[in-house]
Amino acid sequence: RKKMTPSGSRESADEEVLEAIKHDHEVIPVILEFRECQKLKGTYCEPIVKFASRAGDGTWRLFGNFSHTRVPTGRFAMKEPNLLAIAAHSERARKLRKGFITRKGWVILTVDLSQIEMRIAAHRCNSPQLISIYLNDEDVYSEFAITAFHLDDYKFRNDSGKWIYPSVDKEEHRFPAKTCVLASLYDVTAQGLLVQMPTGKGWNELKCQDLLNAFYVKFPEVLELRKVDHNRARRYLMVWDMWGRIIHTSGMKSALPYVIAESLRSLGNHPYQGGACGVFKLGMAQTHALWEGCGLQDVIHPLLPIQDDPAT
């Protein structure tokens, strides 16, 4: 929707507005691409080197300041520099990450917890279909794509034991299905889902709504669990995750419907994000204890926890 500048003199053209209308005209993705270049250059490429300092071995290193209690969900926060905010979803951002190097003979390795938030959802809502998918090591996004796009339900395991879905195309089927699954988990509307869809693929708001409906039909327990979380928010003005971490809101007392709706959406995210953070931190502690027990602390150095993706 239209948004005015703070002065009210003209319509805003900030990133939020352009993302919402990027499917309307071919020039808008070009503008967003240009702004991405500006952000990477001005936020990371130029300022980040100023925070580097010389370590004891003579190499230049970055030593960010971590905070464990700043984010309500339990996620780590970082400043000076905020290495946790470096984007990774575009080709340029991935190239920027290649600028972080290590000493000769060493390798930077990242290992993430696969589909952690969807696994938390399966645990919380006790969905038989979701649980069955994860117990069988299947791919939830491809499974949903078969249902949503009415594809041939044929799959097989390759020599390494990984499930192969011949009818599911990575770009045409799996990516939209993955985007929809994660959006549905966080109560995103069809309009919000359209913003996340790639341009030039014929997506519109009606198709996005059909995709959302297909998700709730296939996994109705997720929708039922959201009602439980919303009822808790209305009754207690707070919700909590599986570890007991709570988040409060005063927005539920508002007389404005859109404020209440935004508060419900924010509170509904917390049990999934907070639950995933707890699992992530336990995994970090157990992994660290494991390699210390094996005497590998001199060859494995934990560096940076990025949400559910620790780098060593």
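Is Asp229 buried or exposed? With a relative accessibility of 3%, Asp229 counts as buried, where buried means under 20% relative accessible area, exposed means over 50%, and partly exposed lies in between (1.4 Å probe, protein chains only). Before we go further, please keep in mind that this is a predicted model, in which local features need pLDDT of at least 70 and side-chain atom pairs count only at pLDDT 80 or more, while totals for chains, interfaces and linings use all residues. Residues are numbered from 1 along each chain as its sequence is written, and side-chain values use heavy atoms, with hydrogens and water left out.

Let us stay with Asp229 for a moment. Asp229 forms a salt bridge with Arg232, and their closest N and O atoms are 4.0 Å apart; a salt bridge here is a side-chain nitrogen of Lys or Arg within 4 Å of a carboxyl oxygen of Asp or Glu. Because they are three residues apart in helix H10, Asp229 and Arg232 are separated by about one helical turn. Helices (H or I, at least four residues) and strands (E, at least two) are DSSP runs, numbered from the N terminus. Arg232 is partly exposed, with a relative accessible area of 27%.

Glu224 forms a salt bridge with Lys227, the closest N and O atoms being 3.5 Å apart. Glu224 and Lys227 are also three residues apart in H10, so about one helical turn separates them. Here Glu224 is partly exposed at 45% relative accessibility, and Lys227 is partly exposed at 44%. Arg226 is found in helix H10 too, which covers residues 220-236. Arg226 counts as buried, at 10% relative accessibility. Leaving aside neighbours within four places in sequence, Arg226 is in contact (heavy atoms within 4.5 Å) with Ser184, Leu185, Asp187 and Tyr216.

Val222 touches Cys125, Leu130, Leu185, Phe215 and Tyr272, not counting residues up to four places away in sequence.

Helix H4 deserves a visit of its own. Eight of the ten residues of H4 are buried, so this helix is largely enclosed by the rest of the structure. Its buried residues are Ile116, Glu117, Met118, Ile120, Ala121, Ala122, Arg124 and Cys125, and they pack against H5, H6, H7, H10 and H11. Just after H4, Asn126 takes a positive phi of about 55°.

Glu117 is buried at 16% relative accessible area, whereas Arg75 is partly exposed at 23%. Glu117 is also among the contacts of Gln273, together with Thr73 and Tyr186, when neighbours within four places in sequence are left aside. Gln273 itself is in helix H11 (residues 257-293). The C-alpha atoms of Gln273 and Leu290, 17 residues apart along the chain, are separated by 26 Å.

A word on the cysteines. The structure holds zero disulfides, a disulfide being a pair of cysteine sulfur atoms within 2.5 Å. For Cys208, the nearest cysteine sulfur is that of Cys180, 8.1 Å away. Cys208 is buried, with a relative accessible area of 0%, but Cys294 is exposed, with 53%.

We finish in helix H2 (residues 27-45), where Val30 is found. Val30 is partly exposed at 48% relative accessibility. Val27, Val30 and Ile31 form a nonpolar patch on the surface, with about 220 Å² of accessible area together. Patches are made of residues with over 30% relative accessible area and no salt bridge, like charges being joined within 9 Å and nonpolar side chains (Val, Leu, Ile, Met, Phe, Trp, Tyr) within 5 Å; accessible areas come from the Shrake-Rupley method with a 1.4 Å probe, and for residues only the protein chains shown count as cover.
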